[in-house]
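Subject: Structure for your files

Hello,

Here is the structure, followed by notes on what turned up in it.

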Amino acid sequence: MSEGDFEFRIEPWSVEKENKEYETPIFNLLKRRMHLEAEGRTWEGDFYAIQAPDWINVIPVTPQGEVVLVEQFRYGLLQPTLEIPGGMIDPGEEAGEAASRELREETGYRAEEMVSLGKVSSNPAILTNFAHLFLAKDCRHVGGFNPDTDERINVHRVPRERFLAMAREGTVHHTIVMAAVARLLLYEAEQGVL
């Protein structure tokens, strides 16, 4: 179902005032004074949101049916994770361009075809952005591996079924990666691949 197929009926809150409370190179913390009048009463309060650029995540698949994964240390959890390539969309960059760039920078692979799997809201309770998901078909190693200065990445290739098993078992557990897996399975079902 596309977003246009559902009629939202809940009244939206209005923003009375918005302040940037804190700024970092990656995100801004916003404080919003919100207001709603509905059902004969008034609601208002202060809410906080993290303003971040849109992100991309890419499921790269080789001609041999292997998924290219990145292993890296994550500062939030203070532990390594196994994920698909991803990153922020740079200002003025299209989502597909960012997907190709991040794939090359983080893995040294290039896709023959990049298929959009749509977008998901990263966490609409506190984040303002979306994550754009892609399937990168027929990926070949071409060099150009160039991670960001603070990224240490190990690249792994695993058979597709092993990748799905790792997602099912929790070895792969990043929420947006799991959303990409769900979108991949929906895409494959629509294409009659399953």
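A patch is made of residues with over 30% relative accessible area and no salt bridge, where like charges are joined within 9 Å and nonpolar side chains (Val, Leu, Ile, Met, Phe, Trp, Tyr) within 5 Å. A salt bridge is a side-chain nitrogen of Lys or Arg within 4 Å of a carboxyl oxygen of Asp or Glu; accessible areas come from the Shrake-Rupley method with a 1.4 Å probe.

This is a predicted model, in which local features need pLDDT of at least 70 and side-chain atom pairs count only at pLDDT 80 or more, while totals for chains, interfaces and linings use all residues. Residues are numbered from 1 along each chain as its sequence is written, and side-chain values use heavy atoms, with hydrogens and water left out.

On the surface, a nonpolar patch is formed by Ile26, Phe27 and Met88, together about 250 Å² of accessible area. Ile26 sits in the loop between strand E1 (14–23) and strand E2 (28–38) (strands are DSSP runs of E, at least two residues). Ile26 counts as exposed (over 50% relative accessible area) because its relative accessibility is 53%.

Ile26 is also among the residues nearest the centre of the largest pocket, with Gln72, Arg74, Tyr75 and His174; 41 residues line that pocket.

Thr81 lies in strand E6. Thr81 counts as buried (under 20%) because its relative accessibility is 7%. Its C-alpha atom is 7.9 Å from that of Thr171, 90 residues apart along the chain.

A pocket here is an open set of points on a 1 Å grid over the protein atoms alone, where a 1.4 Å probe fits, with protein on both sides within 12 Å along at least five of seven lines; lining residues have an atom within 4 Å of a point.

Regards

How values were computed: Helices (H or I, at least four residues) and strands (E, at least two) are DSSP runs, numbered from the N terminus. Buried means under 20% relative accessible area, exposed over 50%, partly exposed in between (1.4 Å probe, protein chains only).
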